[in-house]
Amino acid sequence: MAVDGDDLIHENLIESFRPRLRTYVAVQPVLDLLHFLEPEEKERVRQRARNDGNSAAVDVLIGAVLRKPHPAGWFQAFVDALSNAECRQAANYLRQKLPDPEVEAKNDNCMRMIDILVPSLVGMNTKEVCMHCFSRKLITKDDRDEILHLADNQGLRDAARELLKRIVRCPPGWYSEFVQILFDTEHVDLYKLMGGSSACDTTDETTGSDPVKKSPESSPCQLLDQKDNEDDITDLCRGECSREDATHELSGGVERLPAETCDPGTAAGGSDKADIVLRDYQMDVAKPALEGKNIIICLPTGSGKTRVAVYITREHLDHRRAEGKTGKVVILVNTVPLVEQHYATEFHRFLKHAYKVERVSGKSMLKISFTEIVKKNDVVICTAQILENYLERSVKGEDEGVHLKDITLIIIDECHHTKKGEVYNRVMMRYLKQKNRNRMLKKEQKEIVPLPQILGMTASLGVGDATKLKTAEKNILQICANLDASQIQTGNLKNYSNEPEKKIVLVEDKEKDPFGDVIKNIMNVIHIYANLSPTSELGSQNYEQWVVQSEQQAAKEEAQEVRICMEHLRRYNDALIVSNTIRMRDAFRFLEKKHKEEMKSKTSPDEDHVINITDTERVLFNLFQDNKEELEKLSQNQSYENDSLSKLQTNVLYQFTTREDARGIVFTKMRQSAIALSHWIQENPKFGDVGVKVSYVIGGGDQSVVKPMTPAEQKDVLSKFRSGAVNLLIATSVAQEGLDIPACNFVICYGLVTNEIAMIQARGRARAKNSNYIVIEVKGSGVTEKESVNEYRVKLMTDAIARIRALDPAEYRTKIEGFQIQAILEDKMRMTTKKPAKNELPSEVKLSCRHCSKFVCTGDDIHIIEDMHHVNVSSQFRELFIQKENTALQERLLDYEMNGSLVCKDCGLKWGAMMMYRGIQCPCLNVKNFVVTIKEKKFSNYTKWRELPTKFQAFDYIEHANRLAQLSIDEEA
């Protein structure tokens, strides 16, 4: 009787929850697991599902299950079948693990909302959404296969309907997971329709698929519930808990699941732990790396290479942890901004919950050594030079340094730079040498030294100077050998790739250029004055190269008159280029600004001190002053403006008037051009009328006459571009490679075409649907010819990669090993023939002012702070310079700050900046401002301290602090 009583309770339980079971039971997988039903009964249920759908079939299934007599254990077998068939919500009802009524009401409203929105939702990209639902466990593998089969045979809309029927069977939390999936798959309108926050409407460049999760701020689900019960429920879908909480099965007797009380700041339906969901092509390219192989991933800009690298990193560390081993991943980048970018937007964001992630660049490593950072963290992102420095330290035994054997995975970003002379290649040469030594150790049956796995990432491998397929293939194989790559992974982007429409705009030369003629006349006067004979056309890049080389030679020979003339000629040449690129008034402003800056440099904060002005400087100052009025007048005459600018205006205005949400980048060559273009657009009301919001981003290097942009300034502009506060970005080549820039619907190369790698990167920025890639010719740029050459090189590269991928594995390995042995031998030969590095004594090194040739100091006076900052520690040095306030230099970084310029007391040339290091003032010098004499031989072309063949003494903080303290005591006494 007890058994009959239990059966009656179970029967009533099933009948009571029949409406819920119709929603949450998927009959097909459940039937496969119900062994007490006869085959004829199962077939009857399947037939009903085929004819009338799943809900009707559930009623037939329940009838079959309830049919008496019941076999022993029938109810538990039914519940187990539901659970094992991923119908967990249905199983929970029968186990009497009932959800909180409020949670249940919320979930019902979400299902009703799906029903209401079906007409709109069936327009989704069903296959892509299906794959994401499977990745996030909203559907089973069988569900996925059936939906994809349905899409191929009956169409995407029918498949979408089936997908929607299946996801609502999940436990509470599915709605916001699905909303997030719509955002991840770029269904922006559907995302907003279902309650997604408009604040989330930004695309993450480095992912190609997965933006940061945001919380829907007021979902339709919530609004529907408020309409039904205004005073009861005020927050529906925002209250949905994380997937981990929502799917957690509670054990024990009859109990209710707790109400969901997630922080509104968490992701839509997810916890603050971000998931990594890869698209199919991303998973395909990652597979060999997940198996531990060295590979190169070559995917277009914006296709999610960095996201793939994060996924590989996590899997690598998880696998090693599961085996009880330590994992250590180092991500190498070639610019400082990329360090912070990869850390903040990718690696730290996705890995911080399970692993320690840190970033290091030359500006962030004063408090703790890189050795300690590597020891204490699982993932380290750094510039390649830092790793190379510490690998070298370990070899020299200066300190512990870092060893390759301590790293288990090295990821090299923009790996096409792994070539001779590049720092990436120096790191990899260490790897290749150890690999070669390991071969010998293995033959001798000795223990080999473990080496890290290598993962290279790039948008384009390039072909170098190759003009033939065979040479291109050799060039790419060399990079593969340098990276010890077992293969190149290119991936099939299919529907994920949006190739922009390309257009080349030709321009007419100016019929008259009186503004340019005046500048050329000034330049010719200077040529005669200094007895110069240039061989290149004024206003060209070749002329600029001649000027730079001549200036270096003049500085070396202490021919100060010639050197000063060269500085002014470079300035006028830049003005000609700006005039041909932007407006004449921008060229004039540039010249006027440089003139004022130079005049200001000749003034001293100390009124009693006078900075010398040479006769040559007076002649050059007067020359500009005599022509200033005419130049300013001509610059206002718009009839002489170049045709390139009008073509740029036409194309930008067209994009903003024909697109609902235009977002674009204009690439230009020079920093002053980027700044001037930005000002021109801001001043032109036509652009404001169509909603153009412009800003510019330029490089951070200090090799130009224009002040560089700091990483913080770059970050601020790019952040505004992502948010929509800026919708037109004027950029130099800094934005072509690596920097995280959102998808655009148009890219314009304004007189800028470099090589095929840069072209692919620039074009890759225009990856939104129906985007445009426009090349506008500028006088003297030769962009039309260069663009044709680059297109040929891209095809050459594509064909070469295809041929390499088609090679027999044994043949590929033979070629790679041949290149590696050759590289090792060439490096050994270089080391043999090369003079011993850093062999000159510091006392043999003398520095003189580049401008006035005044002796400044010897190498003994130069000490190094943390291998980066070269400071003069001589007390006599302070008599040679004047300190000027410079707000642009005020910068605080950990233990030091820069807060003023140092200029020569005699001529006013800027020498460097005053550094405040842990309370001690240290004059920090820039070697490019000096002529260096080594054993009576002069050098004027050093731009970095590390190029000098000497090793400077390390700065001893305690010694200098004690010395200053003693001086203070003496003064008080």
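**A first look**

Modeller: Start with burial: 54% of the chain's 973 residues are buried, where buried means under 20% relative accessible area, exposed over 50%, and partly exposed in between (1.4 Å probe, protein chains only). This is a predicted model, so local features need pLDDT of at least 70 and side-chain atom pairs count only at pLDDT 80 or more, while totals for chains, interfaces and linings use all residues. Residues are numbered from 1 along each chain as its sequence is written, and side-chain values use heavy atoms, with hydrogens and water left out.

Colleague: How many helices and strands does the chain have?

Modeller: First, the rule: helices (H or I, at least four residues) and strands (E, at least two) are DSSP runs, numbered from the N terminus. Here that gives 35 helices and 27 strands.

Colleague: And what share of the contacts comes from residues 24 or more positions apart?

Modeller: A contact means heavy atoms within 4.5 Å. Taking the contacts with a separation of 6 or more, 71% are between residues 24 or more positions apart. V789 belongs to helix 33 (residues 783-805).

Colleague: Why does V789 not count as buried?

Modeller: Because its relative accessible area is 40%, V789 is partly exposed.

Colleague: How do I read two helices packing, say helix 26 and helix 27?

Modeller: Look at the axes, which are lines fitted to C-alpha atoms, for helices over the stretch in contact, with angles from 0 to 180 degrees between N-to-C directions. Helix 26 (residues 584-601) packs on helix 27 (residues 615-635) at about 155°, with the axes 10 Å apart. That makes the two helices roughly antiparallel, since angles under 35 degrees count as roughly parallel, over 145 as roughly antiparallel, 65 to 115 as roughly perpendicular and the rest as oblique. Residues making the contact include F588 and L591 of helix 26 and F621 and F624 of helix 27.

Colleague: What about helix 8 and helix 11?

Modeller: The axes of helix 8 (residues 101-121) and helix 11 (residues 156-167) come within 10 Å and cross at roughly 160°. Helix 8 is therefore roughly antiparallel to helix 11. Among the contact residues are I114 and V118 of helix 8, and A160 and L164 of helix 11.

Colleague: In what order do the strands of the open sheet run?

Modeller: Two strands pair if DSSP finds at least two bridges between them. This sheet has 4 strands in the order 17-16-25-26, with antiparallel pairing. Strand 17 (855-858) and strand 26 (937-939) are the edges, each pairing on one side only. Strand 16 (residues 845-849) joins strand 17 through 3 bridges, and L847 stands opposite C857. Strand 25 (residues 930-934) also has 3 bridges to strand 26, where K938 is the bridge partner of T933.
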